[in-house]
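Let's take a walk through this protein and look at a few of its details. Have the sequence and the 3D view ready.

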Amino acid sequence: MSAVLSDDATTEDFGNLPVPESYRGVVVRKEEADMFAGMESADKDPRKSLHLEHVPTPEPGPGEALVAVMASSVNYNTVWSSIFEPLPTFGFLERYARSSPQAAHHDRPYHVLGSDLAGVVLRTGPGVNAWRPGDRVVAHCLSVELESSEGHNDTMLDPEQRIWGFETNYGGLAELALVKSNQLMPKAEHLSWEEAAAPGLVNSTAYRQLVSRNGAGMKQGDNVLIWGASGGLGSYATQFALAGGANPVCVVSSEQKADICRSMGAEAVIDRNAEGYRFWKDERTQDPKEWKRFGKRIRELTGGEDVDIVFEHPGRETFGASVYVTRKGGTVVTCASTSGYTHEYDNRYLWMSLKRIVGSHFANYREAWEANRLVAKGKIHPTLSKVYSLEETGQAAYDVHRNLHQGKVGVLALAPAEGLGVRDHDMRARHIDAIDRFRSAAR
């Protein structure tokens, strides 16, 4: 541990460190995959399904790296995994294991979860040249094989593309993690371990979804409707809109969350609960009058303009409204579906107004690298609100499942305390208010 925390340890020092035969990881168990059968999603409790256990340490194969995890964070895919929705993740592991002899060891009766990390490289497998033991890194969560031609224009289109820690084993909610070397990126040196671990998945996802030409291709002056604008994903979309010269229209569910958006620099904010928007009359029937009322409110905030882009991720609850309020020729870009996967909308408002729906899923290595580069330059800041210990991961996932959190919640792994890992103190001091924004709001 002293070597991992030291600023003076060399590559040789790390290369000589003994790697333990086992380590502690947060797992779901295959034998418990039916434990919530028949229950409503809202009633399923991650605290019952997530276990901190010792698991055998994997050996890094060709193109892989073993990383000492200092900190990680909780994403919605951890919540989905913990409640075994939409399917238990063990099917993903079984399919991956059948893809090659090297991947066979991913099929275990346990699944180590987690799709974010900040840490230190301990070992690298054959063929890894860009990274060495001792490198301080963060990891993005795209695991890809690139043996097919289909992935070479955009690696997200590779038929063997997977999300690490969700569709592969040995994720980041653990003391050690196994990643492909092309998942690694430099850690922002003005951030602590837990702060550096927070942006990964959501920051890269928001970058592709909103900024990249593979997503909405946002430009200066665009009006961008952002659902859940202070949440784990939306808080990064809000920052990208502001940094890119666009005008975010932030939709939130409380005055506290509205204040967070305003503190980031957003001026157009809608508290959907305070204004009483109900887009569904009942389970089967949407209410177009509410779409129209919502659109009118947006135009009041934009000087009479409709939105160019809708940053969609709630899914079923909001999708009909999203399609309706988008301007003629505009774009609804969607990932995830936290309120339900079956989306319904009135196609007349799509086809007759030449709107587009774009599906977006995580990010390729280049997009993740660019998103991380903006964090390292202090242009985009972590939205970390609270930090849990590895033993408390079940509670962290429960809080995210219940939407009791702001921004992102972090998890300490090998880091013995918060606030460690900072090297560039001058840069940190320049950005400390933005770095602490969500921590202050959560107090």
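To talk about holes inside a protein, we need a rule: on a 1 Å grid over the protein atoms alone, a cavity is a set of points where a 1.4 Å probe fits but cannot get out, a pocket is an open set with protein on both sides within 12 Å along at least five of seven lines, and lining residues have an atom within 4 Å of a point. Grid points are joined across faces, edges and corners, and a volume is the space filled by probe spheres set on the points.

Some ground rules before we start: this is a predicted model, so local features need pLDDT of at least 70 and side-chain atom pairs count only at pLDDT 80 or more, while totals for chains, interfaces and linings use all residues. Residues are numbered from 1 along each chain as its sequence is written, and side-chain values use heavy atoms, with hydrogens and water left out.

**Empty space inside**

Rolling a probe the size of a water molecule over the atoms shows where empty space is left. How many cavities of 30 Å³ or more does a search of the whole structure find? There are two. For sorting their linings, Ala, Val, Leu, Ile, Met, Phe, Trp, Tyr, Cys and Pro count as nonpolar, Asp, Glu, Lys and Arg as charged, and the others, Gly among them, as polar.

The largest cavity holds about 80 Å³ of space. Its lining includes V138, M185, N203 and V375. Helix 7 (200-211) and helix 13 (365-376) are the elements that give two or more residues to this lining. (Helices, H or I with at least four residues, and strands, E with at least two, are DSSP runs numbered from the N terminus.) By class, the lining of the largest cavity has seven nonpolar residues, four polar ones and no charged ones.

The second largest cavity has about 70 Å³ of space. Among the residues lining it are E64, H106, W164 and K180. Strand 9 (residues 176-180) gives the largest share of this lining, with three residues. Here the classes come out as four nonpolar, four polar and two charged.

**Rings that meet**

Next up: aromatic side chains. Rings of Phe, Tyr and Trp (its six-membered ring) pair if their centres lie within 6.5 Å; planes under 30 degrees apart count as stacked, over 60 as edge-to-face and the rest as tilted. A search of the whole structure finds 14 aromatic pairs. Here are two of them:

| Pair | Type | Centre to centre | Angle between planes |
|---|---|---|---|
| F279 and F294 | edge-to-face | 5.4 Å | 65° |
| W291 and Y349 | edge-to-face | 6.4 Å | 85° |

F279 lies in the loop between strand 13 (268-271) and helix 10 (288-302), and F294 in helix 10, so their pair ties together parts that are 15 residues apart in sequence. For W291 in helix 10 and Y349 in helix 12, the parts tied together are 58 residues apart in sequence.

F279 is buried at 2%, and F294 is buried at 0%. W291 is buried too, at 4%, while Y349 is partly exposed at 25%. Ring pairs also link F279 and F294 with W227 and Y277 into a cluster.

Charges can meet rings as well: a charge sits over a ring if NZ of Lys or CZ of Arg is within 6 Å of the ring centre and within 35 degrees of the ring normal. The charged end of R47 does this with Y398, 3.7 Å from the ring centre. K187 lies over the face of W193, at 5.2 Å from the ring centre.

Most residues other than glycine have a negative phi, and most peptide bonds are trans. Which residues does a cis peptide bond join here? They are E85 and P86, with omega at about -10°. P86 lies in the loop between helix 4 (76-82) and helix 5 (90-99).

A336 is not a glycine, yet has a positive phi of about 60°. This residue is in the loop between strand 15 (326-334) and helix 12 (348-351), and A336 is partly exposed at 36% relative accessibility. L354, also not a glycine, has a positive phi of about 55°. L354 is in the loop between helix 12 and strand 16 (356-359), and is exposed at 60%.

Conventions:
Buried < 20%, exposed > 50% of the residue type's maximum accessible area, 1.4 Å probe, protein only.
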